Amino acid sequence: MTESIENKIVRFALSTILLVFAGLQLNDPDPWRWVFLYGVALVMGVMGSSTQNPLRVGVSVLYVLWAYCRFPTEYHGVGDMSEFQPEIEEAREAFGLLIASAINATNIWLFTMEDRLRTMHHKKTKCDDAQ
């Protein structure tokens, strides 16, 4: 049993979001850090199976912790940028990390559900063969 087409579509859409996020960072003063971070989450979404889930969980936790540390003490929204309000950029970066973490968590769920369905199918096939 291979991965369902629905899971592939969802994972492709989520990976596309991360690719767009990485591309938008190219005009940032420090683009490579963010391109790398979004790229890691993107690769995790297209990697093989649920055996990588512990790594995905670790990356998700790391992103959430980093988002917490990046979030500004004074929140002014995520609207128009101003050199006098660097908190806006910090909030955007924190939200980007949270979104990447949420995408990673979604991929964990998708891989886990796919493995459970595969296991159930395998057990059913074994029972059918035994009869």
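Predicted model: local features only at pLDDT ≥ 70, side-chain atom pairs only at ≥ 80, totals over all residues.
Axes here are lines fitted to C-alpha atoms over the stretch in contact, and angles run from 0 to 180 degrees between N-to-C directions. On the α1 side, R11, S15, L18, L19, F21 and A22 meet V35, Y38, A41, L42, G45 and V46 of α2, with contact meaning heavy atoms within 4.5 Å. By class, this contact comes out as 9 nonpolar, 2 polar and 1 charged; Ala, Val, Leu, Ile, Met, Phe, Trp, Tyr, Cys and Pro count as nonpolar, Asp, Glu, Lys and Arg as charged, and the others, Gly among them, as polar.

Next up is α2 with α3. Helix α2 (residues 31-46) packs on helix α3 (residues 53-70) at about 150 degrees, the axes being 10 Å apart. So α2 is roughly antiparallel to α3 as well. Their crossing is left-handed, that is, the near helix is turned anticlockwise from the far one by less than a right angle. From α2 the contact takes R33, W34, L37, Y38, V40, A41 and M44, and from α3 it takes L55, R56, V59, Y63, W66 and R70. These split into 10 nonpolar, no polar and 3 charged residues.

The largest pocket has a volume of about 300 Å³. On a 1 Å grid over the protein atoms alone, a pocket is an open set of points where a 1.4 Å probe fits, with protein on both sides within 12 Å along at least five of seven lines; the volume is the space filled by probe spheres set on the points, which are joined across faces, edges and corners. Its lining (residues with an atom within 4 Å of a point) counts 13 residues, and L24, Q25, Y38, R92 and E93 lie nearest the centre. Helices α1 (5-24), α2 and α4 (87-130) each give two or more residues to this lining, the largest share, 6 residues, being from α4. The lining has 7 nonpolar, 2 polar and 4 charged residues.

Residues are numbered from 1 along each chain as its sequence is written, and side-chain values use heavy atoms, leaving out hydrogens and water. Local features need pLDDT of at least 70 and side-chain atom pairs count only at pLDDT 80 or more, while totals for chains, interfaces and linings use all residues.

Notes. Helix = DSSP H or I, 4+ residues; strand = E, 2+ residues; numbered from the N terminus. Parallel < 35°, antiparallel > 145°, perpendicular 65-115°, else oblique.
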